[in-house]
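Subject: Structure for your review

Dear colleague,

Please find below the sequence and structure that I am handing over to you. My findings follow directly after it.

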Amino acid sequence: MGALLRSIGNFFSEMGGIVLTYLSVLYWTVRPPYRLRLYFAAMEFVGVGSLFIIILTGSFAGAVLALQGIYAFKI
């Protein structure tokens, strides 16, 4: 019983830390001075910059899914 309570306590402790981090990020995001140009530049850098990785991993995942589908639907 003690291990279960300790596990539940650890779960809520971690969730509390995650929520506090999220709230801190929200606070620092909407805090003046507003630098919308920097926000959009960062979003463009992250979005366009990761496009190659997304296409690469998506194509490999699609190939694996297609290969597994061949074996799954074979009669």
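Of the 75 residues of the protein, 1% count as buried; here buried means under 20% relative accessible area, exposed means over 50%, and partly exposed lies in between, with a 1.4 Å probe and protein chains only as cover. Please note that this is a predicted model, in which local features need pLDDT of at least 70 and side-chain atom pairs count only at pLDDT 80 or more, while totals for chains, interfaces and linings use all residues. Residues are numbered from 1 along each chain as its sequence is written, and side-chain values use heavy atoms, with hydrogens and water left out.

Overall form

The protein has 3 helices and 0 strands, arranged along the sequence as α-α-α. Helices (H or I, at least four residues) and strands (E, at least two) are DSSP runs, numbered from the N terminus. The radius of gyration is 22 Å, whereas a compact globule of 75 residues would have one near 11 Å; the radius is taken over C-alpha atoms, and the globule rule is 2.2 Å times the number of residues to the power 0.38. The C-alpha trace spans about 60 × 55 × 15 Å along its principal axes. Carbon and sulfur atoms account for 76% of the accessible surface, which comes to about 7,100 Å² (Shrake-Rupley method, 1.4 Å probe; for residues, only the protein chains shown count as cover).

Helix α1 and its surface

A nonpolar surface patch of about 880 Å² is made by Met-1, Leu-4, Leu-5, Ile-8, Phe-11, Phe-12, Met-15 and Ile-18. Patches consist of residues with over 30% relative accessible area and no salt bridge, with like charges joined within 9 Å and nonpolar side chains (Val, Leu, Ile, Met, Phe, Trp, Tyr) within 5 Å. A salt bridge is a side-chain nitrogen of Lys or Arg within 4 Å of a carboxyl oxygen of Asp or Glu. Ile-18 belongs to helix α1, residues 2-29, and is exposed because its relative accessible area is 51%.

Aromatic pairs

Rings of Phe, Tyr and Trp (its six-membered ring) pair if their centres lie within 6.5 Å; planes under 30 degrees apart count as stacked, over 60 as edge-to-face and the rest as tilted. The count comes to 2 aromatic pairs. Phe-11 and Phe-12 form an edge-to-face pair, at 5.3 Å centre to centre and 70° between the planes. The Tyr-27 and Trp-28 ring centres are 5.4 Å apart with planes at 80°, so this pair is edge-to-face. Tyr-27 is partly exposed at 48%, while Trp-28 is exposed at 51%.

The loop and helix α2

Pro-32 and Pro-33 are joined by a cis peptide bond, with omega about 0°. Pro-33 lies in the loop between α1 and α2 (36-49). Helix α2 is hardly covered, with 0 buried residues among its 14.

Kind regards
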